[in-house]
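Biologist: Could you take one part of this model and walk me through it closely? I'd like to hear how the pieces connect, not just get a list.

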Amino acid sequence: MNGSQKTRRDFFTDAVAASGLLLAGCSRSAGPKGAGSEETAPGGPADLTLRIGPVLADIAKGHTISTLGYNGTVPGPLIRFREGVPATVDLFNDTDTPELVHWHGQIVPASVDGAAEEKSLEVPAHGHLRYRLTPQPAGARFVHTHVMSMSDMNRGTYTGQFALVYIEPKNNPGTYDREVFLATHEFEPFFGAEEMAEGDVDPETARKTKEFQQKQEKPNGWEIGYQRFTINGKSLGSGEPVRVKEGQRVLFHILNGSATENIQLALPGHRFQIVALDGNPVPQPQSVDVLELGTAERISAVVEMKNPGVWILGTPMDDDRQNGMGIVVEYATRTGAPRWVKPPRSAWDYTLFGQNRSVPPPDETISLVFGKINGGIGGFNRWTINGASFDETAEPRKLQKGKRYRLVFDNQTDDAHPIHLHRNSFELIKVSGKPTAGVLKDVVLVKGFWKVEVDVTPAMDGLTLFHCHQQLHMDYGFKLLFNVV
Ligand SMILES: [Cu+2]
């Protein structure tokens, strides 16, 4: 390592000083100085202030988009909490509609989790909401809007209302030289008829399915496409590069902040050593060439900088990269056009990072079968769990706190679904036939016709939402409500 190695705290302080990033949960007197925090609610300054409002974001040279965001930037400011240290949160809403601010991946009470189905507190239109939050567990988390978009792509996760949240662990030796936070997002969505090719289903399997037969009768409904792709709010080549030095170990925390897209990322000439998934340290860190992130997933990975040059960290999908999905990684003293080299073909495999051991048997197994009812041309597909779309009048399904449940995700569609459980982490037990243990996540990408089994021991009582994190799927029925008692 270089002689100039700094402590994590030094880097953090530098980062705050350099970019006005927002410090939270560390000291009340320090007070966040983010944009829009001038207004102080009754009771004194909060540890964190988020102001929801219109943002004009220059995502590429000569290209400004109008969207909604947090504190005037897209993505919102990096938010740092300390594990278990309560923070006062002020939410201001400068828009005409109520908003929901969801603390994705945190184990917090339903009242502050930020989901309508859980009866969480709303941020009223042109109003204010204050509460206390005890951030947990440690690691890379995420905050985003949880409103339904339905057919309105100016709402929900299509907007710029998202930000990385990092919860500092109580103890962390940290064998890296610096941290880099990256969040991907697509802008300028449009409805299209094209089916996504992400399911990786072999045609023989597909032909035998009910869905295939159904498709003969009624074709697939709308899918979403995008014109602009960004990392940290900038299209490839439009923002500041990630500046590195030879010999550094850089810890990347990467968030897929997309409304609907599951993505891959690679950095030519370098490998990613995966140390945490969804913020939770993995039992078996392993190196891979290509990252895969379903919507809302996070990956923490160390990259050893030992191939000096100017490189593109980006998606292997040529069209999407040309439309902006990438960021330049530039070694000190190196200049020239950034290089892209197609990565080796590699299949993402969650079980690489797990343990090979038996797990305790569950107290109860719950089978959840995912289905699709085609919407036809110009319509919206409907999504079902165990044959039914979400029904807000239905009694939530009861779970008992402390009991170990095995949830079996049985995807009988050819789409890949990033499946999310609120207010809990679950343990991967079996992924498409491969047993594993010890990998804790809050989103798992269940590919077409896959079966994935996870174990969860509900951590906190109250309403707990389960859904597909693909906004269009969630909006059109792919949700289920649990009540932990
Ligand atoms: Cu889905």
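Modeller: Let's start with Glu297, which makes a salt bridge to Lys441, with 2.9 Å between the closest N and O atoms (Lys or Arg side-chain N within 4 Å of an Asp or Glu carboxyl O). The partners sit far apart in the chain: Glu297 is in the loop between strand E17 (290–293) and strand E18 (298–304), while Lys441 is in strand E28 (residues 440–441), 144 residues apart. Strands here are DSSP E runs of at least two residues, helices H or I runs of at least four, numbered from the N terminus. Both Glu297 and Lys441 are buried (under 20% relative accessible area; exposed is over 50%, partly exposed in between; 1.4 Å probe, protein chains only).

Keep in mind that this is a predicted model, with local features needing pLDDT of at least 70 and side-chain atom pairs pLDDT 80 or more, while totals for chains, interfaces and linings use all residues. Numbering runs from 1 along each chain as its sequence is written, and side-chain values use heavy atoms, without hydrogens and water.

Arg298 makes a salt bridge to Asp442, with the closest N and O atoms 2.8 Å apart. Here Arg298 belongs to strand E18 and Asp442 to the loop between E28 and E29, again a pair 144 residues apart. Arg298 and Asp442 are both buried.

The structure holds 26 salt bridges. Another of them brings Asp90 and Arg130 together at 2.8 Å, N to O. Asp90 is in strand E5 (residues 87–93) and Arg130 in strand E7 (residues 128–133), so this pair ties together parts 40 residues apart in sequence. Asp90 is buried at 1% relative accessibility, whereas Arg130 is partly exposed at 26%.

Back to E29, at residues 443–446: strand E29 is an edge strand of its sheet, as is strand E23 (397–399), each pairing on one side only. The sheet is open and mixed, with 5 strands in the order E23-E32-E31-E25-E29. E29 pairs with strand E25 (residues 417–421) in the antiparallel sense over 4 bridges (pairing takes at least two DSSP bridges). Within that pairing, His420 has Val443 of E29 as its bridge partner.

The copper ion has the protein donors His417 (ND1), Cys468 (SG) and His473 (ND1), 1.9 to 2.1 Å away (N, O or S within 2.8 Å, or 3.2 Å for Na, K and Ca; water is absent, so sites may look incomplete). Their spacing along the chain is H-x50-C-x4-H. His417 comes from strand E25 and His473 from helix H6 (residues 471–475), so the two tie together parts 56 residues apart in sequence. His417 is buried at 0% relative accessible area, and His473 is buried too, at 1%.

Phe466 and Phe482 sit edge-to-face, 6.1 Å centre to centre with 70 degrees between planes (centres within 6.5 Å; under 30 degrees is stacked, over 60 edge-to-face, the rest tilted; Trp by its six-membered ring). Phe466 lies in strand E31 (residues 462–468) and Phe482 in strand E32 (residues 479–484), 16 residues apart. Phe466 is buried at 0%, and Phe482 at 1%. Both belong to a cluster linked by ring pairs: Phe370, Trp383, Phe409, Phe426, Phe466, Phe478 and Phe482.
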